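Trainee: Please put the model up. I would like to go through the sheet, the cores and the aromatic contacts in turn.

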Amino acid sequence: MTQHVKETFAGSVGPDAPPAPAALAAKVRTLAPSMTRSMQRVAEAVAGDPAGCAALTVTGLAELTGTSEATVVRTARLLGYPGYRDLRLALAGLAAQQQSGRAPSVTADIAVDDPIADVVAKLAYDEQQTLADTAAGLDTVQLGAAVAALAAARRTDVYGIGASGLVAQDLVQKLLRIGLIAHAHSDPHLAVTNAVQLRAKDVAIAITHSGSTGDVIEPLRVAFEHGATTVAITGRPDGPVTQYADHILTTSTARESELRPAAMSSRTSQLLVVDCLFVGVAQRTYETAAPALSASYEALAHRHHPRGGTKR
C-alpha cells in the first residue's frame, strides 16, 4: 500500500509572494472561517474598508478592531503578507483600484419582498463576485499539477454529495466526452468500494464546499492510502478533507442567506474549477480529445436536429 506525502498547501500558510490587492477580499472570505474571532475582526475590517485601514498604523488598526498588535500582525501573515507594512501597501493599492472603478449598484442581499428584477440583478452580481473571488484565489500551480494527473490517469473517480454531487457529474461527463475513463459517486458505500480498487496511476477527486463532508472524505482517504493521486475542491483549505489531498483547489466562500444557501454560491465556484480542469486536460490531450469531442457531437447531432418532422 503506497502512502503519499501530502504537498504543503501554500495558501494556508501564505504564498511565496504576497497576493495581489485584487485577491485580498477573496483571501479574506476563504480564510475567515478558520480564523479566531479577533483575527476575523481584523480581516473583515481591512476587506470592508481598505482605504481607511491603509491609513492606520498597526496600533490604530488594533484599537479600531478591539484586538492587539500581535493579532493584527498574525492576521496579515495568515493572509499571505510578511508583515503589517506589506498588508498596508496592498490595502492602499486595493483602495485605489476601487476608486478608479465603478461601485456595484446593488448588493447580494436579497429580501423576501424584492421585485424579481432586483433579484436578477443581485444574483448576477453575486455570481460574478463568486467567480472573480475563486479565480483570484485559485492556486495555478496546484491546478496545473491536478491537470497533469488527470491527463495521465488510467481512471478518475469523483466524489460529491448533494449540490457537489451535481458538479461531480458535470466533471465526469466532460472527461468522458474527450475519451477518458471517469466515474461520479454520490453513494458513499459505492464510493468507498470503488476507491479500494484505485492505484498509483488513478486519480480521485473530492468535491466538498465545507471540507468536512464525511461521505466524501472517507473514499478520498481510501484512495489516498491505495496510492491514487488525490485532489480536493473545497472552500476550506484547512478542512479535514485536505489531510488526504495531494492537490488542493480552493473555491470562494460566499456569504449564506436564508434565501440563498451556500449550495448555490459554492456550486458556481466549483463549476469554474471543474471547467478549468477540463480545459487544461483537453489542452494536454488535444490529439485524442478533439476527435473524441467531434465523435460525441456527431453521435448526438440527430437528437438536436431530427430529420423531418416538426421541431419540438
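This is a predicted model: local features need pLDDT of at least 70, side-chain atom pairs count only at pLDDT 80 or more; totals for chains, interfaces and linings use all residues.

Trainee: In what order do the strands of the open sheet stand?

Mentor: Strands here are DSSP runs (E, at least two residues), and helices are runs of H or I with at least four, numbered from the N terminus. Two strands pair if DSSP finds at least two bridges between them. Pairing in this open sheet of 5 strands is parallel, and the order is β2-β1-β3-β4-β5.

Trainee: Which strands stand at the edges?

Mentor: An edge strand here has a single partner strand, so one side is left without a neighbour in the sheet. 4 parallel bridges join β5 to β4, while β2 pairs with β1 over 4 bridges, also parallel. The edge strands are β2 and β5.

Trainee: Is β1 largely enclosed or left open by the rest of the structure?

Mentor: Take buried as under 20% relative accessible area, exposed as over 50% and partly exposed as in between (1.4 Å probe, protein chains only). T156, V158 and G160 are buried on one side, D157 and Y159 on the other. That is 5 of the 5 residues of β1, so the strand is largely enclosed.

Trainee: What is the relative accessible area of H185?

Mentor: H185 lies in β2. Contact means heavy atoms within 4.5 Å. Leaving aside neighbours within four places in sequence, H185 is in contact with residues including D157, Y159, L190 and N194. H185 is buried, with a relative accessible area of 11%.

Trainee: What handedness does the unit of β1, α10 and β2 have?

Mentor: Point the strands away from the viewer; a crossover is right-handed if the path from the first strand over the helix to the second runs clockwise. The β-α-β unit made by β1, α10 and β2 is right-handed.

Trainee: Which residues have the most contacts inside the largest nonpolar core?

Mentor: A nonpolar core is a set of buried Ala, Val, Leu, Ile, Met, Phe, Trp, Tyr and Cys residues joined through side-chain atoms within 4.5 Å. The largest has 28 residues. Elements giving two or more residues to this core include α9, β3 and α13. The residues with the most contacts inside it are I205, L249 and L277.

Trainee: Which residues form the aromatic pair?

Mentor: Rings of Phe, Tyr and Trp (its six-membered ring) pair if their centres lie within 6.5 Å; planes under 30 degrees apart count as stacked, over 60 as edge-to-face and the rest as tilted. The structure holds 1 such pair. At 6.1 Å centre to centre and 65° between the planes, it is edge-to-face, formed by F224 and Y244.

Trainee: How many residues apart in sequence are the parts that this pair ties together?

Mentor: F224 counts as buried, at 6% relative accessibility. F224 lies in α12 and Y244 in the loop between β4 and β5, so the pair ties together parts whose separation in sequence is 20 residues.

Definitions and conventions:
Residues are numbered from 1 along each chain as its sequence is written. Side-chain values use heavy atoms; hydrogens and water are left out.
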